Amino acid sequence: MMERDLVIIGGGPAGLAAAVSAYDNGAKDVVIIERDERLGGILNQCIHNGFGLTRFKESLSGPEYAARFIELVRQREITVMLKTTVLDLSADKTVTAINEENGVFTLKAKAIILAMGCRERSRGALNIAGTRPAGIYSAGTAQKYVNIKGYMPGKRVVILGSGDIGLIMARRMTLEGAKVLAVCEIMPYSSGLKRNIVQCLDDFGIPLYLNHTITKIEGEKRVTGVVVSKVDENKKPIAGTEMHFDCDTVLFSVGLIPENELTKNAGIKLSPRTRGACVYQNRETQIEGVFACGNVLQVHDLVDFVSEEAELAGASAAAYLNGKRRTDNAVIVENGKNVGYALPQMIDRSVNENVKLFFRVTGTFKDCTIIARSDDKILAKRKKKIAVPGEMETMLLTAEAVAEAGEKIEVYLETCGEN
Amino acid sequence: MKTVALTCIECPVGCRIEVDLEENKVLAVRGNSCLRGKMYAENEVVCPKRVVTSTVKTTDGRMLPVKTDKPVPKTEIFAVMQKINSATATTPVKIGDVIIKAVCEDANVVATGNAE
C-alpha cells in the first residue's frame with residue numbers, strides 16, 4: 001500500500017487551492033485525486049464571466065479562473081492523478097480508488113482534505129407528475145452538453161428554478177438559438193444573483209414566473225409540453241391558474257447537494273443543515289487529520305470564497321502534518337432564530353486567532369441585527385440593511401470573544417423592534 | 001429630466017443604481033458603490049453593452065471557451081454569435097489568443113481556455 005502525507009479528494013477549485021496552500025505551508029508530499037480527465041472541476045463548463053472579482057479584481061471566465069490555480073499547482077511538486085475515482089474512505093484515512101492504469105488501489109494518508117464539491121438535485125427529488133420522456137436535464141448537465149460537448153439539448157425550453165445555473169443556461173441556450181419560454185420559481189424570490197436576472201433574463205426578454213412551478217410534464221418519447229401553475233403561500237398549486245407551454249426541453253435548476261458519500265463511509269458526522277461535515281474553525285472534521293472545504297462543506301455563492309476556505313483547510317492540514325493537534329476543549333456553535341445554519345460548528349478554545357463565522361438567514365429581512373451570543377454575553381453584533389437567504393453572511397469573532405464564550409455560541413438575527 | 005433605475009451587473013453585489021438623464025446626457029448617478037458601477041450606469045442608459053461568452057470549435061473537434069475582450073453593444077450580440085459559430089480555432093490555443101479579430105468595432109474574440 002502506498003503511503004502519502006496528504007491526499008486531496010477532488011481537483012476542482014477547492015482541491016486546487018487547498019493543495020497549493022498546504023504545499024506552501026510545508027506539506028511537501030501532496031496528491032490530488034480527480035475523477036475527470038482534467039483539473040478545474042465545474043469551472044471548466046462555466047464559460048461565462050464574473051469569476052474572480054473579489055480575488056483577482058477582474059472578471060474572469062470559469063476556465064480562466066481555474067487556469068490560474070492549475071498553473072500554481074504545476075509550479076509545485078504536487079502529484080495529480082486524473083481519471084481516478086475514489087471508491088471508499090475509511091476512518092483510518094485509507095483511500096480506495098480506481099483508474100485505468102492501476103485498477104483498484106489503496107493509499108494510506110496521514111491527512112486528507114475532502115473537496116468533492118456538489119451535485120445537482122434531480123427531478124426525482126421533486127415529485128413532479130407526468131411521463132418520463134427524453135428532454136429533461138439538470139441545468140448543469142445541459143451546460144456540459146452545450147459548452148464541453150458542443151451540442152444543443154433542445155430548441156424550446158422551460159426552466160424550473162431560478163438559481164444561478166438556471167439563469168446562466170437561459171441565456172446560453174438563447175445565444176445558441178433556442179427559445180427559452182419561461183423560468184419558473186416556486187419561491188416568491190429568485191435564489192440567483194440580481195445581476196443574473198438582469199443580464200440573463202431581462203436582456204433577452206425571458207419571463208420569470210415567481211410563485212410558479214411545473215405541475216405536469218407531457219410527452220411519451222420526448223417532452224412535448226409542460227403545465228405551469230401558480231402556488232399559494234404553502235407552495236400548493238392553485239387550481240385554475242394552469243398555463244401550458246409547448247416545449248421539447250425542461251431544465252432543472254433546483255439546488256445543489258454536497259457530495260458526501262465518502263464522508264459518510266468514513267463515519268464522519270454530517271450536519272443535517274449544511275449536509276456537509278461538522279467542522280472546527282480550521283475545517284477539521286471530527287476525525288483528526290481529515291479536513292473539508294468548498295461546496296462539499298457548505299454551498300458557497302462565489303468561487304472566490306471557495307478558494308479562501310480551501311486555503312484555510314490546506315494550511316490546517318499542513319499544520320496537522322507538522323504535529324499540531326486540537327484540544328478536547330471546544331465551543332459549540334449553533335444557529336438560532338432566523339438563521340438556517342452556522343459554520344464552523346465547533347471552535348477549539350485554544351485558537352489564538354480571530355474566527356470567521358459563516359451562515360445563511362432563513363428569509364428576507366430588512367433593517368435587522370445579526371448577533372453572536374454565548375449565555376448572556378453578546379460576542380459580536382452587526383446591523384444589516386437587508387439580509388437574504390441567497391447571500392452567505394459572515395461575522396468575525398475575535399480570539400478574546402471565543403475565550404469568553406461558555407459552552408455554546410448562538411448566531412441569530414433580530415428584526416427591528418425586537419432588540 | 002427623467003430618472004432610470006438599474007441593477008448593476010458588474011459584480012455579484014448587484015447595486016441598485018439611479019441615473020438622472022436629460023436627452024441622453026447623464027446628469028447624476030446614485031446608489032453605486034464603486035467606479036465600475038458608475039461607468040456601467042453611464043453606458044447602460046446611452047448604449048448598453050455586454051461581454052459575450054461562448055465556445056468555438058477547434059480543428060480537432062473540441063469546444064474552446066471564448067469571450068469578447070471588450071463589451072459589445074447589446075444590439076450586436078446575435079451578430080457576434082453568428083460569427084463565433086462559424087469560426088474554427090486552430091490548436092494549440094492558449095488563454096488570451098485572438099480567435100476572431102475585430103468581431104464588432106474594436107472588440108476581438110479571445111480564448112478563455114487552453115487547448116493543446
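# Exercises on a two-chain model

About 710 Å³ of space lies in the second largest pocket, where a pocket is an open set of points on a 1 Å grid over the protein atoms alone, each fitting a 1.4 Å probe, with protein on both sides within 12 Å along at least five of seven lines, and where the volume is the space filled by probe spheres set on points joined across faces, edges and corners. This is a predicted model, in which local features need pLDDT of at least 70 and side-chain atom pairs count only at pLDDT 80 or more, while totals for chains, interfaces and linings use all residues. Residues are numbered from 1 along each chain as its sequence is written, chains are lettered from A and ligands numbered from 1 in the order in which they are written, and side-chain values use heavy atoms, with hydrogens and water left out.

**Exercise 1.** Describe the lining of the second largest pocket.

*Solution.* Next, turn to the elements, which are DSSP runs numbered from the N terminus, helices being H or I with at least four residues and strands E with at least two. The largest share, five residues, comes from α1(B). Finally, sort by type: the lining divides into seven nonpolar, six polar and 13 charged residues, with Ala, Val, Leu, Ile, Met, Phe, Trp, Tyr, Cys and Pro counted as nonpolar, Asp, Glu, Lys and Arg as charged, and the others, Gly among them, as polar.

**Exercise 2.** Work out how chain B and chain A meet.

*Solution.* Start with contact, which means heavy atoms within 4.5 Å; by this rule 28 residues of chain B touch 27 residues of chain A. The two chains bury about 2300 Å² between them, 57% of it on carbon and sulfur atoms, buried area being the accessible area (1.4 Å probe) that two parts lose on being put together, summed over both. On the side of chain B, I9(B), P12(B) and T53(B) lose the most area to chain A, together 24% of what that side buries. Then look for salt bridges (a side-chain nitrogen of Lys or Arg within 4 Å of a carboxyl oxygen of Asp or Glu): the rule finds three across this interface, and one joins the side chains of K67(B) and E64(A) at 3.2 Å, N to O.

**Exercise 3.** Find what E261(A) and R119(A) tie together, and explain why.

*Solution.* First, the side chains of E261(A) and R119(A) meet in a salt bridge of 2.8 Å, N to O. Second, E261(A) belongs to helix α6 (residues 261-265) of chain A and R119(A) to strand β9 (residues 118-120) of chain A, so the pair ties together parts that are 142 residues apart in sequence.

Note on methods
1 Å grid on protein atoms, 1.4 Å probe; cavity = no way out; pocket = protein on both sides within 12 Å on 5 of 7 lines; lining within 4 Å.
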